[in-house]
Amino acid sequence: MNRYTTIAVSCLLFLFGLFLFKAVFLALGITLVFLLLVTLLEVVWLYRKSTVILGLANLIMAAAIALTVYILTYLPIEFLTTEILLIVPKIPSLFSLTFLLLLVIGFSLVNWGRILKIRLFAWVLVSLVVLSGFCYGIYRSHTLAIEYLPKIYRISPTSGIQAEVVEIKGVNFSPVWKMGQIFVGEQEMVVKFWNEELIKAEMPVPSRFGSVELFIIRNDDIISNKVPFEIKDPGKLKN
Amino acid sequence: MRKIFSFYRRFLETTFVLWLFLSTVGKFGFSFMVDLRLFSRVFFDIFLIYFVWEAINNRATIYSAIKGLFLKVKNEFNLRTETTQKNILSSLPKVLTGKGGRFLVLILAVVVSSFSFLLSFIKILKRFIFHRVILLLFFIFGVFANIFILSFTSDLIILLLIGSLILNIYRYKLKGEFSAAVGFISLTACPFLLIFKKELIAEKVAIWVYVFLAVGIIQILVKYIKEEKKSVPK
């Protein structure tokens, strides 16, 4: 970058930082980081044809693409399984690591220098990296938003009669001294046992039979996801 | 096999880059659902395999190097023992240079040369520890460990690292401007660390910023005083 352009951009960045953070120290910090990056880039550009820089660029590219593919494939699946469909509370950490390492194996075999020479591929890769950045941003904001909400993953049994104890497994049910309420349809169940991840509750005398929804209202009035539950008519039960 | 080894090395290097990135962003609270502790352990295992593989590939060179070193040490030790034995024998009266006397002198020579060998080993070790590259690496890794790994602030460690910084400046003839520049560069990290609520790391970085700036200014002052003295006509 031209020296005067760098100075002009630095000044603009400083003003922008000042406007954004309303603090001189932080604005100065951004400007200094920018200057540091520009210097670093200039040094890299100067020695761009050296084998060390080329080798390093290849490694960084392989790592970046592996992470990009990981973000675009694994994270949405993980989010879907643990937060939306509520199939499992957590996927074992070995899965994510194995998947990531498999991607690294695959992408470290590729000669990225040759691929990036083709302009179309270069643009596709850059777009993928940018897309993964957006995807990660969305994933992060959603994860943070629903991370601490009460979630029911499994109930056992899924149907019952009066006085039957239902076991509810999930996360973030809040501790026992902040016990909430459990509803089956419009009726409240009798809590027998309560902790952060497991609740045992007894079915009340049902006002009606059939399919209803079971859910938890926490002490802070936050409602969990609703799971289907069937209240059976004892008169229709076979011996 | 050689091709597979080269692929494996590239895989290891890429894994290292990724591990470094994930660990760094992890410090700022960005999680990618990867267990970093497990990742570190796996990376260490991969590195261990690479290390053993590399050793097996170069076993002939390693074996010859160890053998050469052993022979060199052995010959040196024998030579020293013989010389010491001769020196002792020449200073003894003839009555004591019989068969028994010679044997006793040999034992004494072995003890003396072992001691002198130990002394030369300590000398080599001292030269190795105070080697400028080792000193620099010790300082860099020490500062990184102090900032990012240790969860407490120890005055003793900081003093030790400041000592090694001064030694590095002396050995590399670093200018005061350099120390001040490192201080300023480190200063840029502070606001971001504070934004990401990493107060402890920010505090430690701030300590190092202060150290670098102070050392830099002292160096500049010393240089200025020296130049003043030179410019004053006698």
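Q: Where in chain A does Asp221(A) lie?
A: This is a predicted model, to start with. Asp221(A) sits in the loop between strand S8 (210–217) and strand S9 (227–231) of chain A.

Q: What is phi of Asp221(A) near?
A: Phi is near 65° for Asp221(A). That is a positive value in a residue other than glycine.

Q: Is Asp221(A) buried or exposed?
A: Exposed, because Asp221(A) has 8 C-beta neighbours inside 10 Å, and 12 or fewer counts as exposed.

Q: Which other residue has a positive phi, near 55°?
A: Leu86(A), again a residue other than glycine. Leu86(A) is placed in the loop between helix H3 (51–84) and helix H4 (93–108) of chain A.

Q: Switching to peptide bonds. Which residues does a cis bond join?
A: Ser156(A) and Pro157(A), with omega about -5°. Most peptide bonds are trans.

Q: Where is Pro157(A) found?
A: In the loop between strand S1 (151–156) and S2 of chain A.

Q: S2, okay. What order do the strands have in the open sheet of five?
A: The order is S2-S9-S8-S4-S5 in chain A, and the pairing is mixed. At the edges are strand S2 (159–160) and strand S5 (187–188) of chain A, and each pairs on one side only.

Q: In what sense do S4(A) and S5(A) pair?
A: Antiparallel, over two bridges. Strand S4 covers residues 181–184 of chain A.

Q: Which residue in S5(A) stands opposite Val184(A)?
A: Gln187(A).

Q: Now the helices. How do the axes of H3(A) and H4(A) cross?
A: They cross at roughly 135° and come within 9 Å. That angle makes H3(A) oblique to H4(A), because roughly antiparallel would need over 145 degrees. The crossing is right-handed.

Q: Which residues make that contact?
A: H3(A) gives Ala62(A), Ile65(A), Ala66(A), Val69(A), Tyr70(A) and Tyr74(A). From H4(A) come Ser96(A), Phe99(A), Leu100(A), Leu103(A), Val104(A), Phe107(A) and Ser108(A).

Q: How do the residues of that contact divide, by nonpolar, polar and charged?
A: For H3(A) with H4(A), eleven are nonpolar, two are polar and no residue is charged.

Q: What about chain A against chain B? How many residues does the contact take from each?
A: Chain A gives 23 residues and chain B gives 20 residues.

Q: Which helices of chain A each supply at least two residues of the side that touches chain B?
A: Helix H2 (24–46), H3 and H4 of chain A.

Q: And how does that side divide into nonpolar, polar and charged?
A: The side of chain A that touches chain B has 18 nonpolar residues, four polar and one charged.

Q: Last topic, chain B. How many helices and strands does chain B have?
A: Eight helices and zero strands. Along the sequence, the pattern of chain B reads α-α-α-α-α-α-α-α.

Q: How many of the residues of chain B count as buried?
A: 15% of the 234 residues.

Q: And which share of its contacts comes from residues 24 or more positions apart?
A: In chain B they account for 65% of the contacts with a separation of 6 or more.

How values were computed:
Residues numbered from 1 in each chain as written. Chains lettered and ligands numbered in written order. Predicted model: local features only at pLDDT ≥ 70, side-chain atom pairs only at ≥ 80, totals over all residues. Pairing = 2+ DSSP bridges. Helix = DSSP H or I, 4+ residues; strand = E, 2+ residues; numbered from the N terminus. Buried ≥ 20, exposed ≤ 12 C-beta atoms within 10 Å, placed from the backbone. Contact = placed C-beta atoms within 7 Å. Nonpolar A, V, L, I, M, F, W, Y, C, P; charged D, E, K, R; others polar. Axes fitted to C-alpha atoms, helices over the stretch in contact; angles between N-to-C directions. Parallel < 35°, antiparallel > 145°, perpendicular 65-115°, else oblique. Left-handed = near helix turned anticlockwise from the far one by under 90°.
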